[in-house]
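Reader: I have the file open now. Can you walk me through the packing, starting with the helix contacts?

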Amino acid sequence: MYHLKPVLTNDACEVPSCMYVLKPVCSFSFDRAQLPGTTVDPLSAGIDHLLQKAESDELRMLAERQQRVLQQLAELKNELLSMRTELKLNTKAPATQPSTPLKSKAELKAEPINRTFLQDFVVNASPNYVPYSLLALKNLWKDRLNLQVECFTHSTVPKLTEEALNFQNAILSTSTTANKLPQIKVTLIWKNVGTYTEMITSPTSYVPICGEVNILRYLSRCGPSEFNYEQYDNVVEADAILDACYLLLNKQNVKQRQQILRTLGAKLGKTDGFGGIEMSLCDIAFTSAVKQVQRTIAKDINPNMAKCIGRVSAVVGM
């Protein structure tokens, strides 16, 4: 490539004297101060002075306000310390107690059943997994609420098992001992739904409640008040036991069922039942679940579990 001479040189450019010289429109004092041989514009200097004064005044007012706030906080702290000394209050506040403690079953009284919450419903159950809890509740509530059960067989079920036939005969032959009791009509349909027993309260919307344990929860809320497990002191423990019973029934793996059964056995311990001496909803759910899957976990049922199951079966006819 060929060499090109520079276009601009370092020589100073002479300004012609025929042109009018105009001072810079925007001039800042700090810019002027940095340039050698220049003077500070008086107007810029005045503006800088006003800005510095306003900034200093604002900072001074903010510092004074902060000092007043700190002084008020110190006075408030001294007042609280003096009040605590005079009233002899302890530094640790006492634990709050619930305003309405839950009652035990012995303290619950039989209240009239609200008939507005009672409505007929349909239960779809498999003949291989019989919902024994319906029979238990019918016998347990026979003096308070009438569960009128009607049984039908779906076309997908060619023949009922022996367990289903025995259950059907037992629940149809059971009658209440009192007249004019509140009544719930239950339509039981034997259908191939597996372990997931369905309860349908509204045929038009068809929103089923799946699981026998959840059906027990629903009936416990709308049934006799003295059998509602949510009014007991151990409601959290009862919910955990009911969840375990649900898993025991719906887990298809034998090892998982054995593990859940051991957990329930640890919760039962050496007592007669999960509710103590009195019959509870957990005892019914546990007995029904074990009776439905006892073919796979029969060898893992310990003597105390068998005693609990035998007691429930004798009392409520399961």
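Reader: Which residues of helix 6 meet helix 8?
Author: This is a predicted model. In it, Ala 238, Ile 241, Leu 242, Cys 245, Leu 248 and Leu 249 of helix 6 are the ones that meet helix 8. On the helix 8 side, the contact takes in Leu 281, Cys 282, Ala 285, Phe 286, Ala 289, Val 290, Gln 292, Val 293 and Ile 297.

Reader: How many of the residues in that contact of helix 6 with helix 8 are nonpolar, polar or charged?
Author: The contact of helix 6 with helix 8 has 14 nonpolar residues, 1 polar and no charged.

Reader: What's the angle between helix 6 and helix 8, and how far apart are the axes?
Author: Helix 6, residues 235-250, packs on helix 8 at about 20 degrees, and the axes are 9 Å apart. That angle makes the two helices roughly parallel, because under 35 degrees counts as such. The crossing of helix 6 past helix 8 is left-handed.

Reader: And helix 7? What angle does helix 6 make with helix 7?
Author: About 155 degrees, again with the axes of helix 6 and helix 7 9 Å apart. Helix 6 and helix 7 are therefore roughly antiparallel. Helix 6 passes helix 7 in a left-handed crossing.

Reader: Which residues meet there, between helix 6 and helix 7?
Author: From helix 6 there are Glu 237, Ile 241, Ala 244, Cys 245, Leu 247, Leu 248 and Leu 249. They meet Arg 257, Ile 260, Leu 261, Leu 264 and Lys 267 in helix 7. By class, the contact of helix 6 with helix 7 holds 9 nonpolar residues, no polar ones and 3 charged ones.

Reader: Where does helix 7 sit relative to helix 9, in terms of angle and axis distance?
Author: Helix 7, residues 254-268, and helix 9 cross at roughly 80 degrees, and their axes come within 10 Å. That makes helix 7 roughly perpendicular to helix 9. Leu 261, Leu 264, Gly 265 and Leu 268 of helix 7 make the contact with Asn 304, Met 305 and Cys 308 of helix 9. The contact of helix 7 with helix 9 counts 5 nonpolar, 2 polar and no charged residues.

Reader: Different topic. Is helix 3 largely enclosed or open, and why?
Author: Helix 3, residues 132-140, is largely enclosed by the rest of the structure, because 8 of its 9 residues are buried. The buried residues are Tyr 132, Ser 133, Leu 134, Leu 135, Ala 136, Leu 137, Lys 138 and Asn 139.

Reader: What do those buried residues of helix 3 pack against?
Author: They pack against strand 1 (121-125) and strand 2 (146-153), and also against helix 4 (162-173), helix 5 (212-222), helix 8 (281-297) and helix 9 (303-316).

Reader: Now the loops. Is Val 157 buried or exposed?
Author: Val 157 counts as buried because its relative accessibility is 7%, and the limit for buried is under 20%. Val 157 lies in the loop between strand 2 and helix 4.

Reader: What does Val 157 touch?
Author: Setting aside residues up to four places away in sequence, Val 157 touches Pro 127, Trp 190, Lys 191 and Asn 192. The C-alpha atom of Val 157 is also 8.7 Å from that of Ser 126, which is 31 residues away along the chain.

Reader: And Tyr 206, where is that?
Author: Tyr 206 is in the loop between strand 4 (198-200) and strand 5 (209-210). Tyr 206 is partly exposed, at a relative accessible area of 43%. Beyond four places in sequence, Tyr 206 touches Asn 124, Glu 198 and Ile 200.

Reader: Last one, the overall picture. How many helices and strands are there?
Author: The protein has 9 helices and 5 strands. Along the sequence the pattern is α-α-β-α-β-α-β-β-β-α-α-α-α-α. Of the 318 residues, 34% are buried.

Reader: What about the contacts and the surface?
Author: Among contacts with a separation of 6 or more, 76% are between residues 24 or more positions apart. The protein exposes about 21400 Å², and carbon and sulfur atoms supply 57% of that area.

Methods: Residues numbered from 1 in each chain as written. Predicted model: local features only at pLDDT ≥ 70, side-chain atom pairs only at ≥ 80, totals over all residues. Heavy atoms only, no water. Buried < 20%, exposed > 50% of the residue type's maximum accessible area, 1.4 Å probe, protein only. Helix = DSSP H or I, 4+ residues; strand = E, 2+ residues; numbered from the N terminus. Contact = heavy atoms within 4.5 Å. Axes fitted to C-alpha atoms, helices over the stretch in contact; angles between N-to-C directions. Parallel < 35°, antiparallel > 145°, perpendicular 65-115°, else oblique. Left-handed = near helix turned anticlockwise from the far one by under 90°. Nonpolar A, V, L, I, M, F, W, Y, C, P; charged D, E, K, R; others polar. Areas by Shrake-Rupley, 256 points an atom, 1.4 Å probe, with all protein chains shown as cover.
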